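I opened the notebook to look up a structure that was new to me. My entries follow in the order in which I made them.

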Amino acid sequence: MSLELKNVEKKVGLDTHIYRTNLKLQKNTINILLGSTLAGKTTLMQIMAGLDKPTSGEIWFNNENVTGMKVQKRNVSMVYQQFINYPNFTVYDNIASPLKITGVSSDETKQRVGKVAELLKLSGMLNKKPNELSGGQQQRTALARALVKDSDLILLDEPLANLDFKLREELREELPKLFENRDCIVVYATTEPSEALLLGGNTATLQEGKIIQYGKTLDTYNKPNSLVSAQVFSDPPMNIAKIKKSGDQCSFLQNNIQWKTKINIKDGEYKVGIRPHNITTYKEGNNTLEIKGKVLISEISGSESLIHFTNGNLNWVSLSNGVFQKNVGDEMNLYMNTDEFVYFDQNERLVSNG
Amino acid sequence: MNKTVNQKAWFFVIPVFVLVAFNAIIPLMTVVNYAFQETFGNNVFMWEGTRWFKQIMLSERFHASLGRQFLFTFIILFIQIPLGIAIALTMPKEGIGVPVCLVLMSMPLLIPWNVVGAMWNIFALPDIGFLGHSLNALGFDYNFTQQIGDAWFTTILMDVWHWTSLVVLLSYAGLRSIQPAYYQAAEIDGASRWAVFTKIELPKMKKVLTIAILLRFMDSFMIYTEPFVLTGGGPGNATAFLSIDLVKMALGQFDLGPAAAMSLIYFFIVLLVCWVFYTLMMRNEEKS
């Protein structure tokens, strides 16, 4: 089983929503579309599902051309950012709705709904209406509706975006389990790099209607093929600086901080990308290269602390473990791990990932 | 902490109280005053107790106009609500058609009531009116000034023309607020157009339709100007709805006591029907 987009392009009027795209998704995989709002994730999913037609190009499913085939004829389910359920149906009827239309017997429906409801912890609320449920439970119902019918293709369009933090964490951890042992292709759109890392599988980074990179999630993260891909797959945003390399000595153009490197690239000017967690407020392990910073903003996220700081023209973020607060305007020392620097050439293509 | 009792905040309520007094309480209490007394002018009043109320409640004339009123309201709701929803469903969702349709739809709502009545009177006149003349030319024996059925037909047609737009605009707003994802989900499920209407659109429009029905009920139940100008309540009393009958009693016959009692009964009927309807419609909403 595979889903293949061949030279797919989508234009609306004069705007190009999806630039020429080729992508092949294999069966039993979770594929993450990672990109900011308006990157084209939703459009791409709607084209995959058959809800929207590409302006040009073809969609092949199991070696069959399904371009233009109606969505009802394809075995697809979709979960949306908003909690989409039939408002007048009970949770049971909502989950059973895709089965009813395909004519599954009532005994089997009962059994399958029961099973999926148990999986999603909805067993106790099968007789309730969606508006009597919490947001998390409403989205579980929508997920159950998508899972109940053994689809070939399950599309999830930012399913956790409208949930509050606690519920999101809870459901996020359950998601990979839900897709285990399912003979299907899962496509999951998200704006959050952490979700991609948690779900594993494959990740495609998107920006402005283009797929920048597609590959195993960890590979995409560790070896971004370009600065754009690295930026899409970094939250908080990746810090970038221009550097000069000569021999085994590197230095920032902005200041005179220098470090030794083992990477094997020609001497010259490059751009370096540094993920926020490779800059910490304390010296630890390989985080040894010192940089002075003036605190711009200090914020706490979960059990980590973010310090936005400036050094000359650099405007950077650091992410350290532990909960602490710094005063705005404080001068402080931060420590970078040079082994984790990612080097890009002047065209912003990857040349070395440390 | 010690809390001191201070009631000065009540002074802030005074402006609102004065306003409400002038636009609601004082006129209403004047009517109440008339409803329980007999007057011969010169501010001479005599206590009559509930006599006028009993008289109205037992009067055949009141029963007749109340019956006509309910029939009229029922018919126009039965036509306008489904018709309004149907028109809203066929209206364009994007492009230049949207403002064009919205403006066209709003036109009848912008015309003053008495103008609507006068327009339809001329339009429907059997000898010179376009509608009346055409119907007669087609072989129908149509004369709204003399035949009861024709008078009702014209009054209802006029009200449908005047007010269906309101239902259309409200329904359209309700439909537009449904997220496209609902339609997509139904498409994925393979739901029919009818199923989309009954399972998604109608439930999602429930609140706005409740408002539409309430507004149309109140307006049509209190209708006065348009039929007054169109038919004057005639032929005979055939289209003398409650308010027309009330004005006849109060200003035509100068029976101020019974008219005041009738006003209050009229008021309570509107209030009661609205309350019952709203409570029923919102009963399930409250639970969540």
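**Entry: ground rules**

I noted that this is a predicted model, in which local features need pLDDT of at least 70, side-chain atom pairs count only at pLDDT 80 or more, and totals for chains, interfaces and linings use all residues. Residues are numbered from 1 along each chain as its sequence is written, chains are lettered from A and ligands numbered from 1 in the order in which they are written, and side-chain values use heavy atoms, with hydrogens and water left out.

**Entry: confidence**

I looked up pLDDT, the predictor's confidence in each residue, from 0 to 100. Chain A averages 88, and 100% of its residues score at least 70. For chain B the mean is 90, with 98% of the residues at 70 or more.

I then went through the elements, where helices (H or I, at least four residues) and strands (E, at least two) are DSSP runs, numbered from the N terminus. In chain A the lowest mean pLDDT among the elements, 82, belongs to helix α5 (residues 165–179), and the highest, 92, to strand β8 (residues 185–190). In chain B the lowest is 85, for strand β1 (residues 37–39), and the highest is 95, for helix α3 (residues 60–90).

**Entry: chain B against chain A**

How many residues of chain B are in contact with chain A? I found 16 residues of chain B in contact with 23 residues of chain A, contact meaning heavy atoms within 4.5 Å.

The size of an interface is often given as the accessible area lost when the parts come together. I therefore looked up the buried area, which is the accessible area (1.4 Å probe) that two parts lose on being put together, summed over both. Between chain B and chain A it is about 1,800 Å², and carbon and sulfur atoms give 62% of that. On the chain B side, B:Q184, B:I188 and B:D189 lose the most area to chain A, together 36% of what that side buries.

The interface has 1 salt bridge, by the rule of a side-chain nitrogen of Lys or Arg within 4 Å of a carboxyl oxygen of Asp or Glu. A:R145 and B:D189 form a salt bridge, with their closest N and O atoms 3.5 Å apart.

On the side of chain B that touches chain A, the elements giving two or more residues are α8 (180–189) and α9 (193–221) of chain B. Of these, α8(B) gives the most, with 8 residues. By class, this side has 8 nonpolar, 4 polar and 4 charged residues. The classes put Ala, Val, Leu, Ile, Met, Phe, Trp, Tyr, Cys and Pro as nonpolar, Asp, Glu, Lys and Arg as charged, and the others, Gly among them, as polar.

**Entry: domains of chain A**

The domain assignment gives chain A domain 1 (2–225) and domain 2 (239–352), with bounds from an automatic or database assignment. Their C-alpha centres lie 37 Å apart. The contact takes 4 residues from domain 1 of chain A and 7 residues from domain 2 of chain A.

These two domains bury about 470 Å² between them, 49% of it on carbon and sulfur atoms. In domain 1, A:Y221, A:P224 and A:N225 lose the most area to domain 2, together 88% of what that side buries.

**Entry: single residues**

Over all chains the structure holds 23 salt bridges. One that I looked up joins the side chains of A:D150 and A:R112 (3.7 Å, N to O). A:D150 is in the loop between α4 (135–147) and β7 (153–157) of chain A and A:R112 is in helix α3 (residues 106–119) of chain A, 38 residues apart.

A:K100 is in helix α2 (residues 91–102) of chain A. Its side chain makes a polar contact with the side chain of A:D93 (3.3 Å).

Which peptide bond did I note as cis? The bond from A:D235 to A:P236 is cis, with omega near 0°. A:P236 sits in the loop between α8 (227–232) and β11 (239–246) of chain A.

Last, A:L38 has a positive phi of about 70° although it is not a glycine. I placed A:L38 in the loop between β3 (29–34) and α1 (41–49) of chain A.

Definitions and conventions
Polar contact = N/O pair within 3.5 Å; in protein donor to acceptor, adjacent residues only side chain to side chain.
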